[in-house]
Amino acid sequence: MIEAGTSAAEALPSTVHALEIEGRQIYLVGTAHVSHSSVDDVHTTIEIVSPDTVCVELCQPRYESLTNPDSWNSLDILKVLREGKVYLLLSSLIMASFQRRIAKQLGIQPGAEMLAAIEDAEKEGAELVLADRRIDITLKRTGARLGFWTKIKVFSQLLGGLLMDEEIDAAQVEELKQEERLADALQLLATELPQAKETLIDERDRYLAQRIRDAPGKKVVAVVGAGHIEGIRREITKNEPLDDLERVPEPRLLPRVLKWAIPIAIVGLLVYGFVSGGATRSRESILLWVLINGGLSAAGSAAALGHPLTILASFLAAPLTSLNPFIAAGWVAGLVQAWVKKPTVQDLENLPDAITSLSGFWHNPLTRVLLVVVLANLGSMIGTFLAGTLIAARTF
């Protein structure tokens with residue numbers, strides 16, 4: 001790999017890194033996704049280079065969401081619940097909310113530089129390549145690498161971020177695009193959560209690099225987040241297949257075992273209590289199980305501002321679903337919430353604005369369904385361990 005021709009490079013913005021790979025010229029445009037100057041850099045680069053191909057840091061779902069803001073209108077919340085995609089959708093919305101909040105402060109559309117690249121590619125007659133890995137694969141691979149408590153930590157940090165109301169100005173955004181600041185941020189992420197950095201940053205560096213390398217044409221402009229520039233430059237000479245990076249790992253053995261072991265252990269405790277302590281002790285243990293498990297699941301639905309019928313459904317479902325590995329209390333609660341307060345088209349249209357604030361997450365009917373599922377499941381999970389421990393203590 002060598003630097004591309006200096007004559008063209010000298011006229012390009014400072015955020016552009018010009019490379020030459022096997023006789024092809026590749027221009028990496030490092031951007032911030034909420035920066036006016038990044039939009040200008042994209043326009044300038046494509047105008048000067050006149051590329052054969054423009055690569056953007058988007059996957060197909062994100063491309064459709066960006067180019068069709070009304071796509072939320074067709075979201076089927078019941079389908080999301082049936083397919084078990086609640087955590088994926090909620091995580092995506094929370095992460096999107098950060099960009100939207102900053103973009104709102106700066107008066108710019110999130111992903112405006114990607115839109116500029118898409119529009120300029122069409123004007124130039126250049127081929128457009130969606131170079132990023134699908135977001136659902138990235139999040140599933142991340143989840144597969146994280147332990148239970150780490151997942152709780154990550155999700156808590158995501159929810160905690162919604163509470164932050166820190167103002168940010170354009171100068172701070174531009175400062176974050178400087179490589180030395182980005183390196184510090186990535187090093188901090190690696191120290192705090194190395195498993196997440198590997199899938200969210202390192203793997204995507206490799207994926208983006210290979211997709212850009214495989215892009216057709218002699219001249220390629222790639223518009224990517226500034227934090228990926230160093231990794232792409234390091235990986236782009238390797239020419240590695242992408243199959244491994246697109247594969248979703250099988251769930252770990254321990255969670256699969258616990259999914260069955262815990263219900264079997266609870267039932268075993270109840271049966272043993274009946275045999276050793278008689279019907280009275282068995283009834284007391286069952287009542288304890290119902291009140292604690294159902295009560296905490298109902299409390300979760302209430303914390304999500306669920307409908308009274310949703311709260312009741314959580315209470316009734318949790319003691320039973322906790323003994324069935326194929327269904328969870330949150331799914332039942334979410335279906336009831338979606339039934340009694342089905343999100344309207346207007347609710348879906350308001351979703352982009354709703355996710356910019358904590359209150360919006362709680363009051364928009366669609367995100368409320370998602371929160372009901374998560375918090376009802378969390379309550380039932382805590383109730384399972386707490387009630388199981390108390391029953392075991394009473395039995396032995």
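Biologist: Which element gives the most residues to the nonpolar patch?

Modeller: Helix α19 gives the most, with 4 residues, where helices are DSSP runs of H or I with at least four residues, numbered from the N terminus. This is a predicted model, in which local features need pLDDT of at least 70 and side-chain atom pairs count only at pLDDT 80 or more, whereas totals for chains, interfaces and linings use all residues. Residues are numbered from 1 along each chain as its sequence is written, and side-chain values use heavy atoms, with hydrogens and water left out.

Biologist: What makes the nonpolar surface patch?

Modeller: W149, I152, L296, L378, I382, L386 and L390 make a patch of about 620 Å²; the elements that give two or more residues to the patch are α8 (148-163) and α19 (365-395).

Biologist: Why is L296 called partly exposed?

Modeller: L296 has a relative accessible area of 31%, and partly exposed lies between buried (under 20%) and exposed (over 50%), with a 1.4 Å probe and protein chains only, so L296 counts as partly exposed.

Biologist: Why is the pair of W260 and F326 called edge-to-face?

Modeller: The centres lie 5.4 Å apart, with 80 degrees between the planes; rings of Phe, Tyr and Trp (its six-membered ring) pair if their centres lie within 6.5 Å, and planes under 30 degrees apart count as stacked, over 60 as edge-to-face and the rest as tilted, so this aromatic pair is edge-to-face. W260 lies in helix α13 and F326 in the loop between α14 (308-321) and α15 (329-340), so the pair ties together parts that are 66 residues apart in sequence.

Note on methods
Patches are made of residues with over 30% relative accessible area and no salt bridge: like charges are joined within 9 Å, nonpolar side chains (Val, Leu, Ile, Met, Phe, Trp, Tyr) within 5 Å. Accessible areas come from the Shrake-Rupley method with a 1.4 Å probe; for residues, only the protein chains shown count as cover. A salt bridge is a side-chain nitrogen of Lys or Arg within 4 Å of a carboxyl oxygen of Asp or Glu.
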